[in-house]
Every structure is written in structure tokens, then in C-alpha cells.
Amino acid sequence: MTGAAARPYHHGNLAEALVGAALEMAAEGGPDAVVLREVARRVGVSATAAYRHFTGQSDLMEAVKQAAMERLEQHLRHALDRSEPAAGLVALPGVERGSAQERGIRRLEGIGRAYFDFAVSQPGLFRCFCIGMPVPESQGVPVREAAAFGVLTEVLDELVTTGVLTAQRRAAGVDIALWSAVHGLAVLCLDGPLAELPRAEQYGMLTAVTDVVFHGLAGARS
């Protein structure tokens, strides 16, 4: 933490102000940096006032996780709006360049890179929403944190519409496979044996992962 001075709280939504301060602390030092009493101090209210909105540390951390997931969703949707093929990608077998199928696959690649980018550029927030990751609805369990995962769902649905994926293949856990590939690499690069590598090499590995994964998708139609 940077030890920022408390900001006097005058009016407005106190719960929102508390979550905002907690997000700042999480961005600085990850989930371990978020302490309810310190959050209250930063906002400029008593701990008693904070406890009127959050029953305890776990309640506050749930709100922080949700807010971090919303930040991730915004980051992924921004990537969709500006999605272009990344340099160094190899051609996809059986997919015509410039076709709707290729555009859909590249959009999927774009959100994969955006997910990884969020992890390495916002590690504190990334570690926050990794506390109890959501289970996709496709696995039969309701998802409270579906917003960010919903971006992946939407793009995969597009790939079914354009014929890249069959509905059967789509229902067979493709979403989990894709998520696992990028999320796993992100964790290895943040907290695992790849953490000491230069960032450029980490992104090179991401390109290798997406090449392998999307070649598999392109070949999944037969």
C-alpha cells in the first residue's frame, strides 16, 4: 500500500466510496492489502460506519471481487471493439482470410490477449477475482459473476453461427478449455516459474498458446 491519506467523506453513496477505496488498495497490493478498517480510514469515516454497509472483511472482499470482474469485462469489451489480428499469428487451416469465420476466431483471440493483458497489467485486481472463480452456466451452476465470462460466451456463440464450431462441440466444454489455457498461462507468468521472464517473452508464449488453441478450433468443424 502507498499509505494514502484519508479523504474526508461528505456525501453520496458510502458503500460505493468504500468499494472504490478498496479497489485502489487491491490494485496496489492485491487482496491481502484490503482491510476494512483501513478502507474506512481512507474514505474518512469510522469503522462503525463501514460496518453498517459490510458485515465484515469477507463481505467487503466479495464486493471488491465483483467490481474487479466488472473492470475485466470492460477491458474485454474494449478489446472486442478494437479487435484486430495480433502480429505473428499463423494462418488458420481451412479458414479463408477475411471471412466471417476468421474474424470470429480473431475476436476470440483478441479477448484472450485482453484477459492476459489485464492479468499482467493489473495483477492486484486479477488476484482479487481469482478468489473463488465463477463456474460457467454451461456446467449447470448459476453464475453470479457471469459478466466477464459472458463475453467469451457471446464470441463462442458467434463461432457456432458462422460454422466454426458445431453446437455439440460448443457444449462439450470448449469455453473451459479456452479459459484454462489463457488463465493458466497468466498465473504462470505472475506467480509461477515464468514470472521472471521478460514481458515480451511472456507475450510470445501467449501467441504460441493462442496459435495452438485456435488451430484446434479451426479443425473442430469436421
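From the N terminus on, the elements of the protein chain follow the order α-α-α-α-α-α-α-α-α-α. The chain holds 10 helices and zero strands, where helices (H or I, at least four residues) and strands (E, at least two) are DSSP runs numbered from the N terminus. The model is predicted: local features need pLDDT of at least 70, side-chain atom pairs count only at pLDDT 80 or more, and totals for chains, interfaces and linings use all residues. Residues are numbered from 1 along each chain as its sequence is written, and side-chain values use heavy atoms, with hydrogens and water left out.

Of the 222 residues in the protein chain, 44% are buried; buried denotes under 20% relative accessible area, exposed over 50%, and partly exposed in between (1.4 Å probe, protein chains only). The accessible surface of the chain is about 10,900 Å², and 55% of this surface belongs to carbon and sulfur atoms. Accessible areas were computed by the Shrake-Rupley method with a 1.4 Å probe, and for residues only the protein chains shown count as cover. Among contacts (heavy atoms within 4.5 Å) between residues at least 6 apart in sequence, 70% join residues at least 24 apart.

Helix H4 (57-81) has 25 residues, which at 1.5 Å a residue should span 36 Å; the end C-alpha atoms of H4 are 36 Å apart, in agreement with this value. The expected span is 1.5 Å times one less than the number of residues. The buried residues of H4 include Leu60, Met61, Val64, Ala68, Leu72 and Leu76, and also Lys65 and Glu73.

The structure holds one cavity of 30 Å³ or more. The largest cavity has a volume of about 250 Å³. Of the 17 residues that line the largest cavity, Ile111, Gly112, Tyr115, Leu152 and Trp179 are the closest to its centre. On a 1 Å grid over the protein atoms alone, a cavity is a set of points where a 1.4 Å probe fits but cannot get out, and lining residues have an atom within 4 Å of a point. Grid points are joined across faces, edges and corners, and the volume is the space filled by probe spheres set on the points. H5 gives the largest share of the lining, four residues.

Leu197 lies in the loop between helix H9 (174-191) and helix H10 (199-218). Leu197 is partly exposed, because its relative accessible area is 25%. Not counting residues up to four places away in sequence, Leu197 touches Gln202 and Met205.

Terms used: On a 1 Å grid over the protein atoms alone, a cavity is a set of points where a 1.4 Å probe fits but cannot get out, and a pocket is an open set with protein on both sides within 12 Å along at least five of seven lines; lining residues have an atom within 4 Å of a point.
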